[in-house]
Amino acid sequence: MLRLTRPVCSRVAVPTFARLISTGAALPSAQLREDSPSQKVDLADETSKGTFIVVGVPGAFSPGCSQRHIPEYLKLADDFKSRGVKNLFVVAVNDAFVTKAWKEQLSDASGWARFLADPKGEFSNEFNALFDAAAFFGNKRSKRYAVVVKDGKITETFVEPDATGIDKSAAEEVLKTL
Ligand code: BEZ
């Protein structure tokens, strides 16, 4: 006879990975870098008033990120702006020299899109967005995701289930929800 010594489900384990990329949550407080290692950006502060989109990408200059994912956001920038999106923040586990060069190559002259470096992956780790990308990039990188942030709180999440695809987090999909 099967005897249970404890009630099944007596304790519900809440996995930490579900903690942060979820609606209602605030953005991680880990500092990012913009243009230079000394220029710190607190994304939780930057997004505290108004509507913003934060996009996480596996790597600056990678084909998917550079030829499709971010260019599609830039192409639709006027549509996002007309729906009240003040800025697009692109976060990558790269150093600030790399994200600066990437911004210059993608050339959003208006400054609507801001490119932020997460050199040690601290922001992405707090967001539980890191995945093992050693085979491609030699280290852990950010999954591809997008979140809409309104007045400091995440209101919509679009996380790629396979970490790298461009489907749920594509610009057109995010735009539809605004
Ligand atoms: C990309 O092209 O964006 C990419 C390539 C390999 C792994 C992850 C992303």
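Trainee: Which residues does isoleucine 53 touch, not counting residues up to four places away in sequence?

Mentor: Isoleucine 53 touches Tyr73, Phe80, Val85, Asn87, Leu88, Phe89, Val147, Val148, Val174 and Leu178. Contact here means heavy atoms within 4.5 Å. Before we go on: this is a predicted model, where local features need pLDDT of at least 70 and side-chain atom pairs count only at pLDDT 80 or more, while totals for chains, interfaces and linings use all residues. Residues are numbered from 1 along each chain as its sequence is written, and side-chain values use heavy atoms, with hydrogens and water left out.

Trainee: OK. How many residues are in the largest nonpolar core?

Mentor: The largest nonpolar core has 25 residues, and Ile53, Ile70, Tyr73, Phe80 and Trp102 are those with the most contacts inside it. A nonpolar core is a set of buried Ala, Val, Leu, Ile, Met, Phe, Trp, Tyr and Cys residues joined through side-chain atoms within 4.5 Å. Buried means under 20% relative accessible area, exposed over 50%, and partly exposed in between, with a 1.4 Å probe and protein chains only.

Trainee: And which elements each supply at least two residues of this core?

Mentor: Strands S3 (51-57), S4 (85-92), S5 (113-117) and S8 (145-150) do, along with helices H2, H3 (77-82), H4 (96-106) and H7 (171-176). Those are DSSP runs numbered from the N terminus: helices are H or I with at least four residues, strands are E with at least two. Apart from that core lies another, of 19 residues, with Leu27, Phe52, Leu116 and Val147 among them.

Trainee: Switching to the ligand. Which residues surround the ligand?

Mentor: Pro58, Ser62, Pro63, Gly64, Cys65, Phe136, Phe137, Arg144 and Thr164 surround the ligand. A residue counts as near if one of its heavy atoms lies within 4 Å. The shell divides into five nonpolar, three polar and one charged. In that scheme Ala, Val, Leu, Ile, Met, Phe, Trp, Tyr, Cys and Pro are nonpolar, Asp, Glu, Lys and Arg are charged, and the others, Gly among them, are polar.

Trainee: Which helix gives the most to the shell?

Mentor: H2, with three residues. Helix H2 (63-75) and helix H6 (134-137) each supply at least two.

Trainee: How far is a ligand oxygen from an N or O atom in the side chain of serine 62?

Mentor: That distance is 2.7 Å. For arginine 144, a side-chain N or O atom is 3.0 Å from an oxygen atom of the ligand, and a polar backbone atom of proline 63 is 3.3 Å from a ligand oxygen. The protein covers 81% of the 260 Å² of accessible area that the ligand has on its own. Areas come from the Shrake-Rupley method with a 1.4 Å probe; for residues, only the protein chains shown count as cover.

Trainee: Back to H4. Is threonine 99 buried or exposed?

Mentor: Threonine 99, found in helix H4, counts as buried because its relative accessible area is 1%. A polar atom of its side chain lies 3.3 Å from the backbone oxygen of alanine 96. The cut-off for a polar contact is a pair of N or O atoms within 3.5 Å; within protein, one must be able to donate a hydrogen and the other to accept it, and residues adjacent in sequence count only if both atoms are side-chain atoms.

Trainee: And what about leucine 106, buried or exposed?

Mentor: Leucine 106 lies in H4 and is buried, at 13%. Leaving out residues up to four places away in sequence, leucine 106 touches Ser66, Ile70, Pro71, Leu74 and Phe115.

Trainee: Where is serine 107, then?

Mentor: Serine 107 sits in the loop between H4 and S5 and is exposed, with a relative accessible area of 54%. Its phi is near 40 degrees, a positive value in a residue other than glycine. Most residues other than glycine have a negative phi.

Trainee: Last one: which side chain does arginine 114 join through a polar contact of 2.8 Å?

Mentor: The side chain of glutamate 34. Arginine 114 is in strand S5 and is buried, with a relative accessible area of 18%.
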